[in-house]
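Me: I would like to learn how to read a structure such as this one, step by step. Could you take me through it?

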Amino acid sequence: MTASFKGNKAQLPSKTCQACQRTMTWRKAWAKNWDEVKYCSDACRSAAKRRQMPAA
Ligand SMILES: [Zn+2]
């Protein structure tokens, strides 16, 4: 990994969205539950949930 950030104070952590596979960068809103964040957006979360829902 090459850190060639211009003007950024710190390198923020990032992870991959479990639904769309896009890289999501740490957000302040996720500070409390970053470890539990799996999806980049509500849309991805509900899409993944819908997919995992057992077809009753
Ligand atoms: Zn996503």
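Reply: We shall go from confidence to the overall fold and then to single residues. This is a predicted model, in which local features need pLDDT of at least 70, side-chain atom pairs count only at pLDDT 80 or more, and totals for chains, interfaces and linings use all residues. Residues are numbered from 1 along each chain as its sequence is written.

Me: What is the mean pLDDT of the chain?

Reply: pLDDT is the predictor's confidence in each residue, from 0 to 100, and where it is low, the predicted coordinates should not be read in detail. Here the chain has a mean of 86, with 79% of its residues at 70 or more.

Me: How many helices and strands does the chain have?

Reply: Helices (H or I, at least four residues) and strands (E, at least two) are DSSP runs, numbered from the N terminus. This chain has 1 helix and 2 strands, which follow the pattern β-β-α along the sequence.

Me: Why does Ala 47 count as partly exposed?

Reply: A residue is buried if 20 or more other C-beta atoms, placed from the backbone, lie within 10 Å of its own, exposed if 12 or fewer, and partly exposed in between. Ala 47, which is found in helix H1, counts as partly exposed because it has 14 such neighbours inside 10 Å.

Me: Where is Gln 21, and what is its phi?

Reply: Most residues other than glycine have a negative phi. Gln 21, in the loop between S1 and strand S2 (23–25), has a positive phi of about 65° although it is not a glycine.
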